[in-house]
Amino acid sequence: RPDFKSSTVTKSIGELLKTVQNRITTRAIMRDRNLKMCGASSRNNISAGFHVHFGLPEFLLRGNPDTPWLMSNIAKVLDYYVGIPSIIPEGIEDNRRRSARFSQYGKPGDHRADILTLEYRVPGGHLLRHPILTEGLLSISRLVMKDMLSRMQSYSNNFRMPRIFASYEELRNLYPKLPNREEVLKAITSESINMATTHIGSMLEDLSKMIGFEENKNSILPYMNYLVEFITGKNKFAEDINTNWRL
């Protein structure tokens, strides 16, 4: 939504995590087990997700025969600007969710659309590890979606053109720095983050030129700075949610 604020949502998530921590502390069952909240993409072959729901205009989500096609194309743009930076904080230690061949989650282009929202299933799953990651990723998502809808609206004569973007190459007319699809797929599903890290500079340059960057940069820049610090070995958030969120 236009009035959506990443900081407000992040604060609400923090309150929910605090409620969970209180329930763990005061639980009446399994008192003999050391239970704690950890920020990770998967544990014991069980995947954890991080989904972003976009409240898109109703006419794009329902009553339009081209909705599935359009949502799929939107997800492809999100794969680059949201998906790739989402996997970098995982490093090589937490890559199972996206790189495992038969894992359902963490794969590019995964989305669901209903009458209320477009749900983009972010490839990186441990973004609850620290509020900088949560708020930063939500802000990037908001920025990209707002910019994308504006460009699509202009490109398609206010969404009147049927089958907007008949090919991936048409998407690259909107975003010239968008790599070829195969490169995006490999960057996300690789066990290594090496390919993903090569896009950070170009991606940040693109983000800084998008509509609404100024109102989101105080969340996006700390996120991108952390990516650089993580890659260079200068910083790495521990997986203990209780500590990172100061619960």
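This is a predicted model: local features need pLDDT of at least 70, side-chain atom pairs count only at pLDDT 80 or more; totals for chains, interfaces and linings use all residues.
Residues are numbered from 1 along each chain as its sequence is written, and side-chain values use heavy atoms, with hydrogens and water left out.

Take helix H3 (residues 67-87) and helix H9 (residues 200-208): their axes come within 11 Å and cross at roughly 130°. That makes H3 oblique to H9. For angles, under 35 degrees is roughly parallel, over 145 roughly antiparallel, 65 to 115 roughly perpendicular, and the rest oblique. Axes are lines fitted to C-alpha atoms, for helices over the stretch in contact, and angles run from 0 to 180 degrees between N-to-C directions. Helices (H or I, at least four residues) and strands (E, at least two) are DSSP runs, numbered from the N terminus.

So who touches whom? Contact here means heavy atoms within 4.5 Å. On the H3 side you'll find Tyr80, Tyr81, Ile84 and Pro85, meeting Ser202, Met203, Asp206 and Leu207 of H9. By class, that contact holds six nonpolar residues, one polar and one charged.

## The buried face of H9

Which residues of H9 are buried? They are Ile200, Met203, Asp206 and Leu207; buried means under 20% relative accessible area, exposed over 50%, and partly exposed in between (1.4 Å probe, protein chains only). Looking down the axis of H9, the buried residues fall within an arc of 130°, so they line one face of the helix. The cover over them includes H3, helix H5 (131-155), helix H8 (194-197) and helix H10 (213-231).

## Helix H1 against helix H5

H5 also pairs up with H1, and the axes of H1 and H5 come within 9 Å, crossing at roughly 140°. That makes H1 oblique to H5. From H1, Ser6, Ser7, Val9, Thr10 and Ile13 meet Pro131, Thr134, Glu135, Leu138 and Ser139 of H5.

## Two positive phi angles

Met30 isn't a glycine, yet its phi is positive, about 50°. You'll find Met30 in the loop between helix H1 (6-25) and strand S1 (42-43), and Met30 is partly exposed at a relative accessible area of 38%.

Arg246 isn't a glycine either, and has a positive phi of about 55°. Arg246 sits in the segment after helix H11 (241-244) and is exposed, with a relative accessible area of 77%.

How values were computed: Ala, Val, Leu, Ile, Met, Phe, Trp, Tyr, Cys and Pro count as nonpolar, Asp, Glu, Lys and Arg as charged, and the others, Gly among them, as polar. The arc is that of the directions from the helix axis to the C-beta atoms.
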